[in-house]
Amino acid sequence: MFEDFNGGKSMASAQNTSQLAVVTGGASGIGEASVRSFAAAGWRVVIADINDERGNAIAAELGAAAKTVSYLHLDVSDEQAVTQFKDKVYAEHGPVSALVNSGGILQNATRVTKMPIEDFDRIIDVNLRGTLLTARAFGEQMAQSGGGAIVNLCSLTTFQPWPQPAYAMSKSALKMLTEIMAAELGPQGVRVNAVAPGYTMTTAMKQRIERGERDPSAVIAKSALRRFVEPKEVADAIFFLCSPSASAITGVTLPIDAGWLVYTAYSSAAARPD
């Protein structure tokens with residue numbers, strides 16, 4: 001297990017309630033897994049999401065004893081709501097050490113010429129603009145207080161063309177946002193990175209498989225490790241990027257894909273080894 005903010009204690013045993021993490025989209029999927037990783041390390045966590053029922057349930061489960069995990073409703077695409085949320089977090093919980101921008105929406109396969117433009121607008125509004133709003137709001141506050149870490153959620157579509165045009169454009173743009181903010185906020189001690197999860201076995205993925213919208217055998221066959229990624233594996237990488245173990249890392253977009261990117265490229269080569 002990698003070191004955390006407690007000088008080498010494992011995530012399971014660390015107690016570091018002075019550190020506060022904010023996780024958007026924290027009521028499901030990779031966001032929820034991130035909430036659990038930070039909470040297991042003893043961090044205080046604020047969950048931000050639009051799913052009030054699930055967000056409150058996770059907060060009650062993880063923060064029942066010490067009240068270290070709380071939930072606040074947030075629509076990341078609403079600029080005024082983001083500002084009010086940021087002010088409320090700082091007023092009620094104090095300085096934020098880490099922001100995880102996991103809030104986002106998916107898209108099924110479609111063609112650019114067939115995609116309803118309202119779908120494009122909504123996905124860009126949440127995935128790109130929403131991440132920009134939260135990263136800017138908390139990044140500015142972190143810079144003023146002298147440090148912090150931000151992790152954005154990219155994807156495999158960040159690196160390759162994909163038949164999910166709005167989603168792919170939003171995620172490729174987030175890589176650029178990550179790099180720009182890393183350059184801008186680095187002199188003030190704020191690190192900005194991103195993770196690019198591959199096919200991850202979240203609840204949403206399981207539902208898409210059940211509906212026939214994803215072919216699990218095709219995913220496994222094209223992954224070097226021959227499996228899906230687990231949400232906790234992405235969450236642990238996010239935690240690492242927020243820890244002192246990653247203190248010299250900023251502006252990086254880290255694929256966590258069970259080798260999908262390298263295997264698809266390798267297996268498509270015209271020359272085949274014996």
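The following questions and answers concern a predicted protein model.

Residues are numbered from 1 along each chain as its sequence is written. In this predicted model, local features need pLDDT of at least 70, side-chain atom pairs count only at pLDDT 80 or more, and totals for chains, interfaces and linings use all residues, while side-chain values use heavy atoms, with hydrogens and water left out.

Reader: How many helices and strands does the secondary structure of the protein come to?
Author: Helices (H or I, at least four residues) and strands (E, at least two) are DSSP runs, numbered from the N terminus. Counted in this way, the protein has nine helices and seven strands.

Reader: Why is the protein described as being as compact as a globular protein of its length?
Author: The radius of gyration is taken over C-alpha atoms, and the globule rule is 2.2 Å times the number of residues to the power 0.38. For 274 residues this rule gives 19 Å.

Reader: What does the C-alpha trace of the protein span along its principal axes, and what percentage of the residues count as buried?
Author: Along the principal axes, the C-alpha trace spans about 55 × 45 × 40 Å. Buried means under 20% relative accessible area, exposed over 50%, and partly exposed in between (1.4 Å probe, protein chains only). Of the 274 residues, the share that counts as buried is 49%.

Reader: What share of the contacts with a separation of 6 or more comes from residues 24 or more positions apart?
Author: Contact means heavy atoms within 4.5 Å. Among the contacts in the protein with a separation of 6 or more, residues 24 or more positions apart account for 72%.

Reader: With which residues is V89 in contact, leaving aside its neighbours within four places in sequence?
Author: V89 is one of the residues that touch the most other members of the largest core. In soluble globular proteins, nonpolar side chains tend to be buried together. Leaving aside neighbours within four places in sequence, V89 is in contact with L20, V22, V46, L72, G94, V96 and F138.

Reader: Is A258 buried or exposed?
Author: A258 is in the loop between β7 (253-256) and α9 (260-267). A258 has a positive phi of about 55° although it is not a glycine, whereas most residues other than glycine have a negative phi. Because its relative accessibility is 10%, A258 counts as buried.

Reader: How does R226 count at 41% relative accessibility?
Author: R226 lies in the loop between α7 (216-221) and α8. R226 is not a glycine, yet it has a positive phi of about 55°. At 41% relative accessibility, R226 counts as partly exposed.

Reader: Which residues does G189 touch, not counting those up to four places away in sequence?
Author: G189 is found in the loop between α5 and β6, and it is partly exposed, with a relative accessible area of 39%. G189 and S145 are 44 residues apart in sequence and 9.1 Å apart in space, C-alpha to C-alpha. Not counting residues up to four places away in sequence, G189 touches G146, G147 and G148.

Reader: What distance separates the C-alpha atoms of T250 and P231?
Author: T250 is placed in the loop between α8 and β7 and counts as partly exposed at 36% relative accessibility. Beyond four places in sequence, T250 touches A182, V190, R191, V192 and N193. T250 and P231 are 19 residues apart along the chain, and their C-alpha atoms are separated by 22 Å.

Notes:
A nonpolar core is a set of buried Ala, Val, Leu, Ile, Met, Phe, Trp, Tyr and Cys residues joined through side-chain atoms within 4.5 Å.
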